[in-house]
Amino acid sequence: MTRPAPVILSFRRTFALLILLVVLPSAGLSGFGVVAIINERAAVEKRLEAAWRGTLADLSAEVPRALSSGRLEPVGTERLAFLLPDDQELSDPEGTFHVENGIVRTKDPQLAESLAALVPEAASLPTVPTVFSLATNGRAVMVAAERQGATVRGVRLSGIAMDALLSDKAQGRATSEPVRFTLLPVPRDTSSEGGLVNRLMSEVAQARQNALGSPVLAERVLSAPLQDFRLVVLPTGEDPVASTSTRNRAVYGVLLGLFYLTLTFGVAYTGRVLYREARLSRMKTDFVSLVSHELRTPLTSIRMFIETLALGRLKDPAQTQEVLNLLTKETERLSDLIERVLDWARIESGRKVYQRETLPVTDVVDAAVVAFRTQRLGDEMEFTVAVEDGLPRVDVDRVAVAGALLNLLQNAYKYSGPTHRRIALRAQRDGGYVNLSVEDNGVGIARKDRKRIFERFYRVDNLLTRKTEGSGLGLAISKRIVDAHGGRITVKSEPGQGSCFTLQLPVSRA
């Protein structure tokens, strides 16, 4: 006969499948969230760029028009100034230059290097002030120059002055964020020159510039002859792209955290429920097997005794009376087992109705003691009952609570060993409660089993319990009854030192 798969193994497989079915969708959801955040940043960038497109187009047309109206005037003997019609100066005080006979004269070596490209075309320059850009070795400059015969004179424009001009032109335009306009050189692509090392250095420089510089919200390359510069919009406060992206990340992080917290709780709770149901299923299987065995034993005895009487094998009246007594005992045993199962079914389904009445504690104790002595009539044991005088009344269902106390007495008898049984029943007051304690000298209960002995169908697994009849429902029924009366049941026990179970019933307020 093949053995069924262990319940624990089945639980582990089910739980692993649950984790797999939960983790994969959650990982996909996280991936989609990250992609959404990335796409959201790109969407914000495009939205800002579209918002600034019209303003940049207007400014890129107004700036060259304003520059075309400027003039060059000498300041002193060695310096030139580029002035707008309103006398606003845009030139760099140190940027004056002259080109004559192929020679560039200026105080700035870098400007001289940039103007070297102008020497071959000096003769073609207009005789009126013209503003144009020059780019050499990755550097771009903006100059204003005019030709006077064979000589070209001019001056480099100041970046600060150009920013002030842009600020003046941008005044009166509505902006959703605090920004400033400026002119920046058009980045030159050098990644295809100089081989792999040059490309790597170019990428590193570009990454460093992007990390250290202000983020560009929008840009527009100026038309010739200012094609080496681009008009850009830079935030003066917090980067709106970064703030929006950060806000989205924060919201997503909180939602993801809540999702995983809920997921973890749900998985843990589901796992616990699955494990509990698996364990309960195993207990129910053991219970059915146990009850079947417990039913079969008295039924077999009853059938055997009835057959003996029916066949007339007993001639002695004393033997007949003994068989009848055994039949009564087995019938009571069978009836008690069935009644316990039915009582538990009523409690579990909520159909158990308690008929409460205010009565002395002695009524409950006497009912349990009488039933216990009747069941154990003739059995050898040391059974003592001590009831404290002056105990207050309790508001209980006498039959139900007496049954719970009887369960404790029966357990004390069954698990006290075959000889030298000592059982003590005590009733005493403890504050607002009346304690009914049953103490025995049995095998005791290990710490790991104390919390579980009140679970349905649970039985401590040791040599004595395997040899002792029982359904695993007695303590569970007792706990449910006491809980329904607003009390509690406790246990004190150590292996080999016996046990003490206590029913704590609240004192009646009447």
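Which residue takes a positive phi in the hairpin of β6 and β7? In this hairpin, which has 2 residues between the strands, G149 has a positive phi near 70 degrees. The model is a predicted one, in which local features need pLDDT of at least 70 and side-chain atom pairs count only at pLDDT 80 or more, while totals for chains, interfaces and linings use all residues. Residues are numbered from 1 along each chain as its sequence is written, and side-chain values use heavy atoms, with hydrogens and water left out.

Strands and helices are DSSP runs numbered from the N terminus (strands E, at least two residues; helices H or I, at least four). Two strands pair if DSSP finds at least two bridges between them. Strand β6, residues 139-148, pairs with β7 (residues 151-157) in the antiparallel sense over 6 bridges, and V143 has R156 in β7 as its bridge partner. β6 also pairs with β5 (residues 130-136), again antiparallel, over 7 bridges; here L134 stands opposite V141. The hairpin of β5 and β6 has 2 residues between the strands, and N137 in its turn has a positive phi of about 55 degrees. Of the 10 residues of β6, 7 are buried, where buried means under 20% relative accessible area, exposed over 50% and partly exposed in between (1.4 Å probe, protein chains only).

Next comes an open antiparallel sheet of 3 strands in the order β8-β10-β9. β8 (179-185) and β9 (218-221) each have a single partner strand, so one side of each is left without a neighbour in the sheet. The twist averages 20 degrees from one strand to the next; axes are lines fitted to C-alpha atoms, for helices over the stretch in contact, and angles run from 0 to 180 degrees between N-to-C directions. β8 and β10 (residues 229-235) are joined by 7 bridges, with T182 opposite V232. Helix α3, residues 159-170, packs on this sheet and touches β8 and β10, its direction making about 135 degrees with that of β8. Contact means heavy atoms within 4.5 Å.

A second open sheet has 5 strands in the order β12-β14-β15-β17-β16, with mixed pairing. β12 (382-387) and β16 stand at its edges, each with a single partner strand, so one side of each lacks a neighbour in the sheet. β14 and β15 run antiparallel and are joined by 8 bridges; Q428 has N435 in β15 as its bridge partner. Helix α8 lies across β12, β14, β15, β16 and β17, at about 20 degrees to β15, whereas α11 lies across β16 and β17, at about 135 degrees to β16.

The largest nonpolar core has 43 residues, and those with the most contacts inside it include V361, I423 and F501. Such a core is a set of buried Ala, Val, Leu, Ile, Met, Phe, Trp, Tyr and Cys residues joined through side-chain atoms within 4.5 Å. Its largest share, 10 residues, comes from α8. Apart from it lies another core of 32 residues, among them W52, L59, L80 and L166.
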